Amino acid sequence: MLSVDLNSEYRDKRKDAIKRVIASMTVGKDVSGLFPDVLKNMQTDDLEQKKLVYLYLMNYAKTQPELVILAVNTFVKDSEDPNPLVRALAIRTMGCLRAEKIIDYLCDPLQRALRDHNPYVRKTAALCAAKLYDLKPELVIENGFLDQLRDMISDSNPMVVANTVAALTDIHISATSNQPSDSTSDPAVFSITSAILNKLLIALNECSEWGRVAILNALARYDATDDKESEHICERVVPQFQHVNGSVVLAAMKVIMIHIRNLIRKMAPPIVTLLSSPPEVQWVALRNINLLLQKRSDLLSNEMRVFFCKYNDPLYVKIEKLDIMVRLASDSNVDALLSELKDIKAIGQTAILIESAAERCVNVLLELINTRVSYVVQEAVVVMKDIFRKYPLTYEGVIPTLCANLEKLDEPEAKTSLIWIIGEYADKIDNADELLGIFVDSFIEESYQVQLQTLTAVVKLFLKKPDSSQGVVQRVLNTATKDCDSPDVRDRAYIYWRLLSTDPGAAKAVVLAHRPPISIPRTTVSPALLEELLGEISSLASVYHKPAQTFVGHGRVGADSVQRKGSEISDAQKALQTVVAGQQAENLLDLGDDSAQDEQPSGLAATQILPSTPAAANFLSGTSANPLDDLVSIFGGMETMDTGAGSLSTALSPTVTSLSSPFEGFGGSPAPPSQPAQNAQPQEDLLGLF
């Protein structure tokens with residue numbers, strides 16, 4: 001039905017059919033079969049219909065490249081149309097088709113458009129030149145389009161200047177990304193001179209908001225010759241702080257941060273204005289503000305109150321505001337901060353950052369602990385542990401309150417924090433052995449991190465109060481070495497056991513060693529990365545706090561990437577073939593003769609079965625969805641490895657059975673046996689010290 005209407009003799013019917021085709025295309029339906037019928041409606045005086053047909057062509061040009069060539073004559077004809085809108089539309093569409101067969105036909109119309117008397121056509125042609133460079137750089141250089149673009153910077157129309165700067169910047173980025181070294185000889189490199197600088201500053205206040213962003217980004221790349229020139233640039237850029245568009249404001253801040261230092265205070269009012277935007281824009285602004293504060297901590301020192309959380313702020317906005325408030329905290333505003341702030345983690349960070357405010361922060365935390373709300377108490381215990389690490393032996397009066405809330409703790413991190421506090425101050429807590437005994441009794445049921453901390457805390461208790469803690473340390477070491485299934489816990493228990501049984505002095509030097517106070521870094525990124533991100537203010541890089549190359553791909557998928565993928569597959573094939581080639585290698589781990597008697601492959605020799613497995617077939621053919629998983633399945637599923645393992649355990653069995661204790665043979669007094677003795681008494685002195 002659509003095909004019939006597209007070929008109707010009535011204009012209105014054809015136009016309505018095209019609209020229905022575009023509507024179907026918009027919702028995801030495949031209407032590429034109507035390509036020839038839609039193409040016939042391209043030659044028309046109706047501008048709306050022409051736009052619809054061009055939109056269809058841009059969408060299906062990649063799937064129908066052989067039919068797009070039929071539209072070339074119409075494009076060339078439209079590029080000479082008396083109507084500047086039609087001329088610009090033709091140039092824009094030809095640049096967006098990205099079909100190899102049509103590129104060569106684009107050069108002559110683009111030459112005319114770059115010299116067109118209408119500024120609308122010229123600004124459209126400038127962006128088209130950048131798109132052509134992305135497709136075929138040598139064509140842009142050979143036809144002199146780069147020289148024409150540089151000449152267009154002197155254009156009388158500010159929008160033409162802005163689009164030209166945007167096009168030259170895109171070409172510059174493409175050229176320099178392929179050649180990391182600073183090559184000024186490359187004609188595609190866009191170097192901003194003093195003459196170009198003046199033209200950009202003139203056009204800055206007269207172009208659209210996105211044109212201003214393009215010009216400001218270019219100004220940020222300019223290296224001023226002296227301080228006077230930097231001041232001149234900043235004087236012309238400062239009015240952009242009043243712009244309604246947040247992207248313009250952030251781009252202006254980037255220029256100011258790069259070019260001058262004494263105008264930092266003038267940046268505060270526009271930053272505050274950004275916080276009256278919708279939540280999504282607020283969050284973007286806050287991420288950029290966070291970055292600016294890491295470089296200039298005094299930027300908003302008097303603007304703490306604008307970052308106070310509102311009741312209707314989304315969670316992601318509140319989190320950013322809390323982080324910024326901690327960064328802005330100082331002796332002068334800490335009271336206002338604590339009166340407003342009820343976020344426990346932020347209070348703890350403030351106490352660590354500002355020593356003079358630590359006592360006030362601890363008092364606020366005590367008020368929160370006295371609410372006896374489980375999740376509040378647990379978070380407060382975690383924060384108090386950090387405060388004790390920053391200020392040791394300072395706030396010991398808080399410890400009884402923390403210990404009184406032991407039954408409120410059910411999160412591993414909170415339990416670990418309280419156990420650390422008890423172990424660290426065991427000599428100051430009268431019933432420390434009873435408190436730690438609670439965790440020793442439930443040792444097996446606790447998480448691994450709680451088990452590790454309990455083990456260390458009990459050893460600290462024994463080293464500080466050996467007379468009253470002998471039973472507890474015996475129990476925890478016995479349980480950790482025999483009943484615990486975590487190798488980390490068992491290894492630590494054996495280390496402590498060995499230290500205590502041979503040299504208690506060395507145990508004190510290790511376990512009770514002095515630890516430096518903790519600190520919170522003022523920056524979350526390295527200095528070099530911070531400078532790079534400040535140059536990317538108002539872009540996604542400054543929002544993610546990551547370089548652009550970590551989340552933005554370079555270029556489109558083309559022959560280079562296909563060849564690269566092919567080389568990766570061949571490398572994988574070579575790697576697996578190398579493993580298979582080792583099937584005749586000597587089994588160096590086979591210390592006995594059992595495997596030789598069974599005549600079963602072991603070690604690398606077992607890889608002779610690899611090519612027969614489906615995972616290996618996928619890996620070798622390059623069709624594997626996840627090569628790592630296939631490698632695991634190849635080696636993990638081999639039943640023949642049991643034979644190798646058997647021979648290894650048989651060969652090593654005399655060595656294993658000769659050690660009745662993990663510590664025998666190392667010298668010193670014998671440590672406890674790895675297996676419980678049949679006639680051992682329940683309270684046997686396991687350490688041999690009592």
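**Ground rules**

I am working with a predicted model, in which local features need pLDDT of at least 70 and side-chain atom pairs count only at pLDDT 80 or more, while totals for chains, interfaces and linings use all residues. Residues are numbered from 1 along each chain as its sequence is written, and side-chain values use heavy atoms, with hydrogens and water left out.

**Entry 1: salt bridges**

Today I started with charged pairs. Side chains of opposite charge can pair when their charged atoms come close. My criterion is a side-chain nitrogen of Lys or Arg within 4 Å of a carboxyl oxygen of Asp or Glu. How many salt bridges does the structure hold? I found 23.

I looked up aspartate 335 and arginine 360, whose side chains meet in a salt bridge at 2.5 Å, N to O. Aspartate 335 sits in helix H21 (residues 334–340) and arginine 360 in helix H23 (residues 358–369), so this pair ties together parts that are 25 residues apart in sequence. For helices I use DSSP runs (H or I, at least four residues), numbered from the N terminus. Arginine 360 counts as partly exposed, at 29% relative accessibility. Aspartate 335 is also partly exposed, with a relative accessible area of 47%.

Next I turned to aspartate 78, which forms a salt bridge with lysine 50; their closest N and O atoms are 3.0 Å apart. Here too the pair links distant parts of the chain, with aspartate 78 in helix H6 (residues 72–78) and lysine 50 in helix H4 (residues 47–60), 28 residues apart. Are these two residues buried or exposed? Both aspartate 78 and lysine 50 are buried.

I then checked lysine 385 and aspartate 386, whose side chains meet in a salt bridge at 3.4 Å, N to O. Lysine 385 counts as buried at 18% relative accessibility, whereas aspartate 386 is partly exposed at 23%. I also noted a network of salt bridges that links Lys15, Lys19, Asp46 and Glu48.

**Entry 2**

Two packed helices are described by the angle between their axes and the distance between the axes. My axes are lines fitted to C-alpha atoms, for helices over the stretch in contact, and the angles run from 0 to 180 degrees between N-to-C directions. I call angles under 35 degrees roughly parallel, over 145 roughly antiparallel, 65 to 115 roughly perpendicular and the rest oblique.

I took helix H16 (residues 227–237) and helix H17 (residues 246–259): their axes come within 10 Å and cross at roughly 160°. H16 and H17 are therefore roughly antiparallel to each other. H16 passes H17 in a left-handed crossing, meaning that the near helix is turned anticlockwise from the far one by less than a right angle (clockwise would be right-handed).

Then I looked at helix H14 (residues 194–204) against H16, where the axes come within 10 Å and cross at roughly 20°. H14 and H16 are therefore roughly parallel to each other. Their crossing is left-handed.

**Entry 3: loops with a positive phi**

Most residues other than glycine have a negative phi, and most peptide bonds are trans. I looked at arginine 372, which has a positive phi of about 60° although it is not a glycine. Arginine 372 lies in the loop between H23 and helix H24 (374–390) and counts as partly exposed at 38% relative accessibility.

Leucine 393 is another residue other than glycine with a positive phi, near 60°. I placed leucine 393 in the loop between H24 and helix H25 (399–404). Leucine 393 is exposed, with a relative accessible area of 58%.

**Entry 4: contacts and a surface patch**

Glutamate 396 lies in the loop between H24 and H25 and is partly exposed at 24% relative accessibility. I checked the C-alpha atoms of glutamate 396 and lysine 428: they are 32 residues apart along the chain and separated by 8.4 Å.

Aspartate 134, in helix H10 (residues 119–135), is partly exposed at 37%. I put aspartate 134 and alanine 175 at 9.6 Å, C-alpha to C-alpha, and 41 residues apart in sequence.

Note on methods:
Helix = DSSP H or I, 4+ residues; strand = E, 2+ residues; numbered from the N terminus. Buried < 20%, exposed > 50% of the residue type's maximum accessible area, 1.4 Å probe, protein only.
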